[in-house]
Amino acid sequence: MPVRPARLADLNTVHALECAVFGDPVYPAFFFRQAHDLWPSLLLVAEDDTTGQVVGYILGAPGEEDGAAWILSLAVEAGHRGRGWAQRLLCRLMEALAARGRRRARLTVHPDNAALRLYQRHGFHTLAEEPHYFHENDPRLVLERILQPDD
């Protein structure tokens, strides 16, 4: 299960995955180009080792707050779920964030999203519950995982 930094040629596929998995609202295509330019080591794709097709991606970004980073998006194509792609993407991003000196990783997730269990298995805990994160009655949990203990 190869996981690698995204290439420019992957960005259309990454955006298509974003749209297919999340519907609306989604990040616009130009955002992925900007993310690729800003944080090339934090935009990773999973590639099916038999077809070479990009089947998932994860995007992280450094935060301003004291050693924090954010996972902005994680998506795996529906036909490839349940095979460990999301776990591998998450682990590789955690490694990349720690290598950049980030002490904490944060993310938001809908309470009903099946990915919540993945995050909990990988050491994320709930920091806050926000009932109207994007708009009225659109709840999100804010999760955090310690990557490196504070000095």
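Modeller: What follows covers the salt bridges, then a loop residue, a strand residue and a pair of helices.

This is a predicted model, where local features need pLDDT of at least 70, side-chain atom pairs count only at pLDDT 80 or more, and totals for chains, interfaces and linings use all residues. Residues are numbered from 1 along each chain as its sequence is written, and side-chain values use heavy atoms, with hydrogens and water left out.

Start with the idea. Side chains of opposite charge can pair when their charged atoms come close. A salt bridge here is a side-chain nitrogen of Lys or Arg within 4 Å of a carboxyl oxygen of Asp or Glu. Searching the whole structure gives 7 of them.

Take Arg4. Arg4 pairs with Asp10 in a salt bridge, with 2.7 Å between the closest N and O atoms. Arg4 also forms a salt bridge with Glu47, and here the closest N and O atoms are 2.9 Å apart. This second pair joins distant parts of the chain. Arg4 sits in strand E1 (residues 3–5) and Glu47 in strand E2 (residues 43–47), 43 residues apart. Strands (E, at least two residues) and helices (H or I, at least four) are DSSP runs, numbered from the N terminus.

Are these residues buried or exposed? Both Arg4 and Asp10 are buried. Buried means under 20% relative accessible area, exposed means over 50%, and partly exposed is in between (1.4 Å probe, protein chains only). Arg4 counts as buried because its relative accessibility is 11%. Glu47 has a relative accessible area of 18%, so Glu47 is buried.

Now a second group. Glu65, Arg104, Arg106 and Glu144 are linked in a network of salt bridges. Within it, the side chains of Glu144 and Arg104 meet at 3.4 Å, N to O. This pair also links distant parts of the chain: Glu144 is in strand E7 (residues 140–146), Arg104 in strand E5 (residues 104–109), 40 residues apart. Glu144 is buried at 6% relative accessibility. Arg104 is buried at 9%.

Glu65 belongs to this network. Its place is the loop between E3 and strand E4 (68–76). With a relative accessible area of 46%, Glu65 is partly exposed. Leaving aside residues up to four places away in sequence, Glu65 touches Arg104 and Arg106. Contact means heavy atoms within 4.5 Å.

Next, step into strand E3 (residues 54–62), where Gly56 lies. Gly56 is buried, with a relative accessible area of 0%. Among its contacts beyond four places in sequence are Leu17, Leu44, Val45 and Leu89. Gly56 and Leu89 are 33 residues apart in sequence, yet 8.0 Å apart in space, C-alpha to C-alpha.

The axes of H1 (residues 11–22) and H2 (residues 29–38) come within 9 Å and cross at roughly 130 degrees. Axes are lines fitted to C-alpha atoms, for helices over the stretch in contact, and angles run from 0 to 180 degrees between N-to-C directions. H1 and H2 are therefore oblique to each other. Angles under 35 degrees count as roughly parallel, over 145 as roughly antiparallel, 65 to 115 as roughly perpendicular, and the rest as oblique. Which residues in H1 meet H2? Leu11, Val14, His15 and Glu18 in H1 meet Ala29, Phe32, Arg33 and His36 in H2.
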